Amino acid sequence: MILSTVARATRRLAATSCRRRSAVTLNIGKATLYSSLAQDYHASRLKDIRNIGIIAHVDAGKTTTTERMLFYSGVTSRVGDVDSGNTVTDFLELERERGITIQSAAITFPWPRKEHCPPGTSPTTVNLIDTPGHQDFRFEVDRCLPILDGAVCIIDSVKGVEAHTERVWGSAHEFRIPRLVYCNKLDREGASFRKSVLEIGSRLKGWPLVCQIPWWENDEFVGVIDIIDSVGYRYSDKKTIKYEKEELMRKLSSSNADLVQEVGVARQHLIEGLAEFDDVIMEEFLAENTDIPSTMIKEALRRAIQSGDGRAIPVFAGSSFRHIGVEPLMDAIASYLPNPSERPDVNVRISGASHKLSNALQGDSKQAGAKQIASISSVFKVFEHPKEGIISFVRVYHGTLARSAATFNTNIAISESPMGILQISADKTHDVPELSVGQIGALRGLKKARTGDTLITTTNSKAPHAALRTLQVRPPEIPPPVAFLQVEPYGNVAAHQLQVALENASRQDPSLRWSRDPKTEQFTVQGMGKLHLDVSLHNMRQKHKIDAEFGPIEVDYKECLMVAAQPQRIVFDRPVASKAGKVTCTVTLEPLEAHHRETLQESCIERDGNMFHIVIPDELAANLDLDEAHQQLLNGAIAGLARGPRRAAPLHGCLATVELGACESPTGGHFSSAARTAVQGSLRSAFDKGQVGVVEPIMLVHIMCPEQAAGTVQHDISAGAGGQVLEVNDRSAGSGGAGGAGGTGGEDDTPLIDVSRIYAPPDPYDSVTSLRGKRSAARMVEIVAKVPYKEMLDYDDHLRSKTSGRHSMTMTFDSFARVVGHREKGL
């Protein structure tokens with residue numbers, strides 16, 4: 001939305017609006033441009049910063065929209081295109097090859113352009129994160145969400161709100177991130193702005209506030225109309241033409257008379273909708289003020305989305321590929337999304353307890369340490385830059401992070417000094433002297449920092465006060481892996497190369513796990529899905545040229561106990577590291593039930609889907625280092641469950657109770673060896689009695705396909721793939737978008753939206769009938785099912801033959817379930 005009447009508004013709003021509309025080619029040399037951008041970024045005031053992300057389903061147009069934003073802001077002098085493979089944000093070779101985004105690229109650009117700002121005002125600095133849309137990279141999205149202050153959700157107007165969009169929207173809802181929605185691809189055949197708006201209400205469970213309507217001529221999409229200011233933006237010959245109110249009405253009268261009335265209707269509906277969320281607008285509405293100023297509506301919109309509860313959803317229109325609507329969207333980002341100072345204080349965890357950051361630094365016991373804290377920042381991404389090597393993206397939450405300061409990593413309790421701070425625009429970098437609160441940058445030269453770590457710097461360059469050494473800013477939660485493969489390196493050199501490559505890869509992406517079998521020297525790599533592992537291994541092969549045999553990608557089966565095993569008592573009295581000692585312990589293994597989680601939550605530790613209950617009797621506690629004994633017994637029990645007796649797969653859904661018995665001068669190694677030996681003995685005994693089963697990952701699958709193919713697909717899922725169809729929803733444009741499968745991940749008490757009350761402008765083919773008859777999109781159906789992951793590995797290719805390629809499929813991990821019957825024999 002373009003704020004053209006902001007001459008009557010505050011200076012702050014004025015800073016986000018004034019500029020000339022033209023797609024100019026930069027004459028400035030790139031080196032000069034980037035150094036000036038870096039200086040401007042360093043000087044940015046907190047109120048002029050926007051940390052925003054673009055979230056969407058795969059192929060909704062995130063990267064194309066980002067490329068247009070870079071072009072209009074002057075960061076690039078040419079327009080990148082996903083189909084041509086020359087984009088700035090998808091700078092990995094594999095991203096360009098597949099046409100999808102894999103890594104979250106962080107980009108900084110100013111808006112509006114400096115030369116278009118009024119005297120005395122400065123541009124807004126936008127830090128934009130272009131995130132992946134593919135479900136295998138959902139962890140990448142969820143990890144970046146907490147550092148955002150606002151988000152733009154892009155919807156493909158042909159397909160409407162898709163399943164992955166709902167899930168990512170739910171994650172943004174969890175972190176209370178203010179959001180806008182941009183309906184993209186309105187120039188495509190079958191695009192429906194009306195259907196998209198109705199689905200925003202029914203599936204994202206918020207009230208759509210339509211701020212722009214598409215400008216149609218016959219059934220061609222030519223521009224957008226901002227209904228707040230009643231101005232139009234039309235794109236032709238690679239430049240945007242702006243029409244003020246009177247000129248716009250004259251133009252519409254001659255080309256599409258219905259739109260003249262629709263502009264007034266849309267504005268009235270926007271005011272009515274806003275009145276539900278804003279008291280100022282409500283007073284004007286009740287006073288029957290027919291001419292509410294644009295500035296008042298814009299300020300109300302900003303207030304309505306500020307809390308991030310997702311109840312009010314501003315909706316914008318456009319087609320990024322054809323450049324329509326991108327500049328108004330950039331204005332909306334600067335005008336409506338909050339700056340870092342307007343967001344609530346961040347939550348931190350200290351020794352397992354949750355606090356607000358400001359409270360944690362002002363508490364009595366931490367007061368002494370708090371005075372020495374120079375900065376607190378969170379690492380939200382680590383990756384290998386083509387020119388700079390491994391860099392760590394950080395966001396600063398407190399104080400100022402200086403380039404020479406030694407950072408203390410609270411996750412692994414070590415200190416490291418960065419070799420510089422970079423401002424990043426995808427594959428281009430520039431040094432900055434420091435980062436202040438709310439700013440995003442990258443640290444060069446950290447060798448141990450991993451994604452999700454928290455870094456603290458102090459005024460005296462020493463480790464922080466003991467009370468603050470466990471402080472963590474929103475540590476990441478990593479879902480279980482569902483696929484794996486075996487890698488066998490040829491020789492010691494290849495094995496070392498592979499280990500280094502895997503260590504770096506797991507630093508960058510903690511959802512990628514790996515282990516090395518000391519006997520066979522085989523590596524096992526586990527990931528979130530087929531594409532996730534494909535991409536990770538492709539990067540390793542390209543960068544490191546590892547001489548190894550890579551096995552096929554397989555389903556990550558796990559083992560489980562079907563009944564409780566007999567208690568296993570063991571006496572371990574062998575020397576460990578040439579030190580004699582003796583430890584007795586008893587292990588009881590049983591299947592993990594729901595009631596265990598409720599009754600044992602406080603005293604148990606949960607790891608990889610298993611729970612561990614360590615019991616040390618009081619009479620033994622006096623002569624032991626309790627913390628070490630507890631930790632080593634836990635380590636031994638975890639190691640014992642890491643390899644089952646049936647398929648050498650990890651155990652899942654198991655409660656292990658380890659009770660310590662008599663000890664004689666034990667070391668840490670004796671404790672862990674005793675626990676591991678007892679656990680493995682108990683598992684072997686259960687296996688001999690046929691009490692060990694196999695579980696497999698079950699995926700929640702959303703398939704969108706034409707109605708005529710739906711019957712075949714449902715039969716295929718239930719009969720061929722052994723799945724269970726949960727629901728079938730009509731997702732065609734005429735259905736009103738009801739259905740809402742999958743939910744948004746928000747609270748269960750979110751009120752349902754009455755779709756019949758939502759305002760959405762009519763699509764041109766609702767009323768236009770040509771000689772060919774009324775144009776209508778094919779009826780689409782959404783099938784929601786639970787299916788074993790084994791059957792879904794290559795199911796996308798299988799579906800293509802049944803739907804003639806006119807389908808989309810997303811899936812996420814749902815749960816583990818026992819493998820039984822003929823499928824168990826097949827293993």
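Okay, let's start with β26: this strand gives 4 residues to the lining of the second largest pocket, the largest share of it. Quick reminder before I go on, this is a predicted model.

Who else contributes? Besides β26 (513–516), at least two lining residues each come from β25 (483–489), β27 (523–527), β34 (610–615), α19 (626–641) and α20 (668–688). At the domain level, domain 3 (483–556) and domain 4 (560–690) each put at least three residues into the lining.

Two packed helices are described by the angle between their axes and the distance between the axes. Here the pair is α11, residues 294–305, and α12, residues 326–336, and they pack at about 70° with axes 10 Å apart. Angles of 65 to 115 degrees count as roughly perpendicular, so that is the label α11 and α12 get.

Which residues make the contact? On the α11 side you've got Lys298, Leu301, Arg302 and Ile305, and α12 answers with Ala334, Ser335 and Tyr336. Sorted by class, this α11–α12 contact has 4 nonpolar residues, 1 polar and 2 charged.

Methods. Residues are numbered from 1 along each chain as its sequence is written. This is a predicted model: local features need pLDDT of at least 70, side-chain atom pairs count only at pLDDT 80 or more; totals for chains, interfaces and linings use all residues. Side-chain values use heavy atoms; hydrogens and water are left out. Domain bounds come from an automatic or database domain assignment. Axes are lines fitted to C-alpha atoms, for helices over the stretch in contact, and angles run from 0 to 180 degrees between N-to-C directions. Angles under 35 degrees count as roughly parallel, over 145 as roughly antiparallel, 65 to 115 as roughly perpendicular and the rest as oblique. Contact means heavy atoms within 4.5 Å. Ala, Val, Leu, Ile, Met, Phe, Trp, Tyr, Cys and Pro count as nonpolar, Asp, Glu, Lys and Arg as charged, and the others, Gly among them, as polar.
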